[in-house]
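Let's walk through this structure together, one region at a time. Have the sequence and the 3D view side by side as you read.

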Amino acid sequence: MLWALGLAGLAAGGSIVTLAARSEVLPEPGVRASLAAWMTLPYIFGGLLAWWRRPDSRFGPLMVAAGFAGFLSTLTWSSVDGLFTIGQAFDLLPAVLFLHVFLAFPSGRLEQPFERVLVITGYATAFGLQLVGMTLGGFGPNNVLAIAGEAGAAGHVLRTQLVVISSLCLIGVGVLATRRWRAGPPLRRSLSVLIDAFALGLVMIAVLFLAHVLEGPATEQLRWATFAIIGLAPLAFLVGLVSARLARTTVGDLFVELRADPAPQDLRDALARALRDPSLTLAYWLPAFGTYTDVHGRPVELPKDDGTRATTLIDQAGAHVAALVHDPALHDEPELLDAVTAAAGIALENGRLHAELRARLDELRGSRVRVLEAGQKERQRLERDLHDGAQQRLIALSLELSLLEERLHGDPDARTRLDQARREIATSLEELRAVARGLHPAVVSGHGLEVALEQLAVRAPVPVRLNVAVAGRLPEDLEVAAFYLVSESLANIGKHAEATSATVGVERLNGRLVVEVVDDGIGGADTERGTGLRGLADRVEALDGRLRVWSPRGGGTRLRAEIPCAR
Amino acid sequence: MRAVIAEDSVLLREGLGRLLNENGLKVVGSCETADDLLLKVRSYSPDVAIVDIRLPPTHNDEGLRAALHIRANHPSTGVLVLSQYVELGLAMKLLADSADGAGYLLKDRISDVRDFVDSVRRVANGGSAIDPIIVSTLLSKRRNDDPLAELTPREREVLELMAEGRSNQGIADALVITLRAAEKYVSSIFTKLGLPSSGSDSRRVLAVLLYLRS
């Protein structure tokens with residue numbers, strides 16, 4: 001089929017030359033023949049090429065049709081009546097076909113009803129009215145369709161046709177301009193060049209036809225210029241196709257880049273370069289989470305298919321791996337997309353694993369925070385229960401015993417036993433207080449870090465210099481974490497450091513709470529051994545903070561925690 | 001001598017009321033929230049307000065804030081704060097720049113009726129009552145260069161009682177020594193610690209606490 005059409009195209013080219021050479025009416029047959037061929041053949045062969053590359057698209061057939069219509073219009077040069085009549089009938093059709101081609105780029109379909117109306121009106125005017133004009137007896141004696149002899153009326157019809165088609169072309173320019181403006185900044189350069197070429201062609205058709213109606217002076221020169229420019233459009237289109245083939249070399253670059261084993265974060269940039277689409281985003285599919293994520297494992301939504309963004313899904317070995325979200329224009333180059341996604345295979349799988357790892361880490365961190373928070377809440381509740389329940393009752397009981405004792409004036413034995421009972425209660429209270437304090441540092445939640453640290457510093461096993469420079473209250477979990485940090489550090493200093501003094505500093509620095517405990521002891525603290533430091537690190541990390549310990553042998557120990565603190 | 005009580009545990013509130021009434025104080029009001037307490041202090045101008053540090057609704061620092069408010073705005077009303085835990089930081093916050101008419105005791109102390117009533121009376125009279133735990137915490141503080149080491153055991157005992165807010169007579173009674181002997185110990189302590197001997201009992205409480213804390 002394509003071959004046959006190609007041969008027909010060649011034949012058309014040949015017949016254009018023959019017709020021009022034999023024509024008795026044509027001035028400058030050489031120039032006319034070249035121009036006609038220039039306007040016709042690129043459409044036929046460009047269209048065939050497009051047809052071959054994109055069998056699914058209607059664009060190729062449409063271009064071929066435009067080319068052949070151009071050829072048919074050259075039959076007007078013939079002195080054979082039948083051929084002349086056919087040529088005359090198709091004379092104005094190419095202009096509308098060009099309009100159709102330009103508006104239907106790149107899919108070959110007219111997406112908007114308005115555009116369809118535009119093109120159908122064009123066909124009716126160019127072909128239907130042409131037949132009317134011919135029946136009325138226009139276009140001279142060779143017109144075999146002539147029934148009436150109203151040449152004047154036929155002239156009116158022709159002028160109407162030219163004006164209408166010019167208007168349609170100018171409206172088409174408006175459509176193209178709107179389309180280009182809507183697309184925002186040109187994401188892909190070749191496309192915008194094409195659209196410019198189309199618009200220019202339409203303007204030239206309109207100018208040519210109007211000049212004809214107004215019987216302007218330089219009609220012949222205008223015709224040449226118009227034909228020349230219209231012939232450019234398929235060339236621009238072909239250049240686009242060729243540059244798409246050239247783009248395959250960027251796939252080669254991609255191979256080289258991927259061989260250097262880029263970091264997962266750089267993969268998107270490499271793909272964007274290879275596809276020449278800076279707007280490209282890459283989403284990995286994580287089946288375990290049932291969601292797409294970015295390379296950091298953060299969930300992302302694929303855009304809805306609304307024509308502004310397009311999505312290409314990438315599968316490997318039967319499993320879905322990722323999705324590319326890109327400029328819809330990339331769908332015009334499916335080979336490029338295929339080549340790039342094939343080249344990126346292993347790197348994409350790597351990226352996906354990386355994203356999955358990050359997502360799992362995030363999940364883990366989230367659950368650690370929740371576990372710590374839940375534990376903290378539960379301990380706080382227990383402390384409150386002890387405080388409001390057992391402790392109050394025991395104190396009230398002890399008071400009751402005392403009041404009873406006051407009334408026992410004699411009886412030393414009873415007094416002794418009451419006294420003993422009260423001492424038992426005092427011991428129980430002491431124990432309960434220790435338990436409650438271990439559960440939750442109530443003084444921290446009640447009165448803040450600074451008040452609570454004072455007692456810690458005074459009770460410490462070595463003299464402590466306390467520098468607290470935090471105005472007001474901080475979030476409770478932060479205060480509690482800082483309190484435990486200082487408490488545990490001071491206890492460690494007492495157990496291991498052999499220090500003579502220590503400094504505790506708490507301050508706010510650039511949106512972070514910084515807690516620092518420094519001693520002048522023997523150093524050499526092992527951060528891995530013992531659960532104390534590990535537990536502290538857990539607490540700090542759960543709040544997105546960082547705990548660092550410097551402990552050179554013989555050089556003291558310095559522990560520094562930084563916890564984000566927005567308020 | 002008139003007192004108001006703010007305590008959210010009914011058992012304790014009633015017990016405290018009885019205790020004070022049986023020991024010659026008149027409880028003119030008792031309540032369970034800080035707002036009620038301030039209202040009663042304004043209305044009755046009592047000699048002393050006994051305040052639980054943990055009051056509704058949040059049980060955080062409502063009691064302490066009410067206590068500080070009374071100390072700032074009703075100087076004639078002494079404030080005795082009771083708590084399940086005593087913290088040096090809280091004591092220093094409550095006293096701020098004066099120990100006049102201020103007390104801070106562990107809740108357990110109320111069952112030692114005689115001592116407790118004595119503390120309430122001291123605070124009502126503009127003196128002070130600091131829990132022994134605060135004082136012993138301060139005394140246990142490690143120091144690199146410690147003048148406290150020069151004190152004799154007897155002088156240490158006197159220092160502790162002094163820091164709790166007792167008068168010379170109170171110290172003499174507690175240690176069963178003469179008033180004269182107590183005064184001698186006190187002046188000897190001031191000399192050894194390099195503190196200027198100061199006037200009232202509560203003023204020397206603050207001086208000693210600040211010295212120990214530094």
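Two strands count as paired if DSSP finds at least two bridges between them. Helices (H or I, at least four residues) and strands (E, at least two) are themselves DSSP runs, numbered from the N terminus. What you are looking at is a predicted model, in which local features need pLDDT of at least 70 and side-chain atom pairs count only at pLDDT 80 or more, while totals for chains, interfaces and linings use all residues. Residues are numbered from 1 along each chain as its sequence is written, and chains are lettered from A and ligands numbered from 1 in the order in which they are written.

Let's start with a sheet in chain A. Five strands form an open, antiparallel sheet there, in the order β3-β2-β1-β5-β4. The edges are taken by β3 (299-300) and β4 (310-316) of chain A; each has a single partner strand, so one side of each is left without a neighbour in the sheet. Further in, β1 (residues 281-286) and β2 (residues 291-293) of chain A are joined by three bridges in the antiparallel sense. One bridge to look for links A:L286 with A:T291 in β2(A).

Now turn to where the chains meet. Counting residues as in contact if their C-beta atoms, placed from the backbone, lie within 7 Å, 34 residues of chain A are in contact with 29 residues of chain B. On the chain A side, α12 (345-407), α13 (412-439), α14 (442-447) and α15 (449-459) each supply at least two residues, and α12(A) gives the most, with 12 residues.

A residue is buried if 20 or more other C-beta atoms lie within 10 Å of its own, exposed if 12 or fewer, and partly exposed in between. Nine of the 11 residues of α15(A) are buried, so this helix is largely enclosed by the rest of the structure. Its buried residues, including A:L453 and A:L456, pack against α14, β6 (464-469), α16 (476-497) and β7 (502-509) of chain A, as well as α4 (88-95) and α6 (132-139) of chain B.

A:L453 and A:L456 are also among the residues that A:V486 touches, along with A:V504, A:V515 and A:V517, leaving out residues up to four places away in sequence.

Finally, a word on confidence. With pLDDT being the predictor's confidence in each residue, from 0 to 100, chain B has a mean of 92, and 100% of its residues reach 70 or more. The model scores ipTM 0.90 and pTM 0.63.

How values were computed: Two residues are in contact if their C-beta atoms, placed from the backbone, lie within 7 Å.
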